[in-house]
Amino acid sequence: MKPIIPPQNLTELLERAHMLAGISLAQIAAQRGIPVPKDLKRDKGWVGQLVEMELGATAGSKPEQDFLHLGVELKTIPIDAQGKPLETTYVCVAPLINIEGLTWQSSLVCHKLQRVLWVPVEGERQIPVGERRIGTPILWEPDPQELYLLQQDWEEIMELIALGQVEKLTARHGEVLQLRPKAANSKAQTQSIAEDGSLKMTNPRGFYLKTAFTAMILNKVFG
DNA sequence: GGGTGATCATAC
DNA sequence: GTATGATCACCC
């Protein structure tokens with residue numbers, strides 16, 4: 001088994017990612033001596049962590065980019081036979097308190113999305129997990145219009161959070177970026193801002209990219 | 001069928 | 001609880 005060392009530079013990372021194109025998840029898992037789950041119901045992060053490992057991402061639970069030294073965030077994305085995303089893409093947890101002075105440019109969303117290596121993976125449930133193949137990787141940096149859309153949504157959502165309206169926010173807010181629950185379950189609680197400016201408890205939220213947005217990103221290369 | 005809200009595993 | 005990795009599954 002070859003040791004997995006973090007890629008030294010961007011070129012090396014891209015080379016590794018391109019070598020995975022067309023490979024099945026079972027092939028990679030076998031190399032690593034990792035069992036393939038029968039489905040992802042209880043292994044929702046399995047594909048992502050397998051690819052992370054294979055590409056030499058720094059393991060850990062830090063709120064940082066996967067390849068900090070390269071300024072790259074890694075995202076696997078499940079796609080259907082047409083190459084369309086099957087799921088929204090989780091970005092990061094949403095800050096609900098101590099957000100005075102927080103700007104788009106200083107936000108975690110902005111930082112993480114500065115440069116993303118998208119690794120498409122067949123994700124239709126009818127395909128056995130092990131038989132699902134990895135697709136062509138896409139290194140993406142948001143263009144001015146994409147940045148504009150992201151910033152608009154982020155500012156609208158954060159404004160409502162700051163005003164104590166987090167409970168009124170739904171996944172329907174935002175054109176490309178949405179806020180949704182991100183927790184062990186609906187009973188999980190964290191601090192948030194109340195309408196009178198004091199603190200209250202609410203279900204933790206996370207930022208997600210909507211599928212129409214990620215579909216556009218993938219299509220820029222596909223077509 | 002698609003999208004929103006809910007949930008799963010794991011490390012610390 | 002918070003953070004990582006996300007997909008599940010129910011309701012419209």
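Ser192 stands opposite Lys200 in strand S7. Let me start from that pair.

First, some ground rules. This is a predicted model, where local features need pLDDT of at least 70, side-chain atom pairs count only at pLDDT 80 or more, and totals for chains, interfaces and linings use all residues. Residues are numbered from 1 along each chain as its sequence is written, while chains are lettered from A and ligands numbered from 1 in the order in which they are written.

Back to the pair. Strand S6 covers residues 190-193, and S7 covers residues 199-202. Helices (H or I, at least four residues) and strands (E, at least two) are DSSP runs, numbered from the N terminus. S6 and S7 pair in the antiparallel sense over four bridges. Two strands pair if DSSP finds at least two bridges between them. Together S6 and S7 make a hairpin, with five residues between them. Gly197 sits in that turn, and its phi is positive, about 95 degrees.

Now the sheet. Three strands form an open sheet in the order S1-S3-S4, with mixed pairing. S1 and S4 (138-140) stand at the edges with a single partner strand each, so one side of each has no neighbour in the sheet. On average, neighbouring strands here are turned by 30 degrees against each other, direction ignored. Those axes are lines fitted to C-alpha atoms, for helices over the stretch in contact, and angles run from 0 to 180 degrees between N-to-C directions. S1 and S3 pair in the parallel sense over seven bridges. Within that pairing, Ile79 stands opposite Glu122 in S3. Helix H3 packs on the sheet and touches S1 and S3. The direction of H3 makes about 135 degrees with that of S1.

On to helix H1, residues 10-20. Which of its residues are buried? Leu13, Ala17 and Leu20 are. They fall within an arc of 50 degrees seen down the axis of H1, so they line one face of the helix. The arc is that of the directions from the helix axis to the C-beta atoms. An α-helix has 3.6 residues a turn, so residues three or four places apart point the same way. On the other side of H1, Thr11, Glu15 and His18 are exposed. The cut-offs: buried is 20 or more other C-beta atoms within 10 Å of a residue's own, exposed is 12 or fewer, partly exposed is in between, and C-beta atoms are placed from the backbone. H3 and S3 (116-122) are among the elements that cover the buried residues of H1. Contact is C-beta atoms, placed from the backbone, within 7 Å.

Finally, the DNA. A residue is near a strand or molecule if its C-beta atom, placed from the backbone, lies within 6 Å of it. How many residues lie around DNA strand C? There are 29, and Gly45, Gly48, Pro63, Tyr90 and Thr190 come nearest. H3 gives the largest share of that surface, four residues. Around DNA strand B there are 18 residues, and Arg42, Thr170, Ala171, Asn185 and Ser186 come nearest. Strand S5 (residues 177-181) gives the most to the surface near DNA strand B, with three residues.

One last stop: Asn98. This residue lies in the loop between S2 and helix H4 (108-112). Most residues other than glycine have a negative phi. Asn98 is exposed, because 9 other C-beta atoms lie within 10 Å.

Methods: Contact = placed C-beta atoms within 7 Å.
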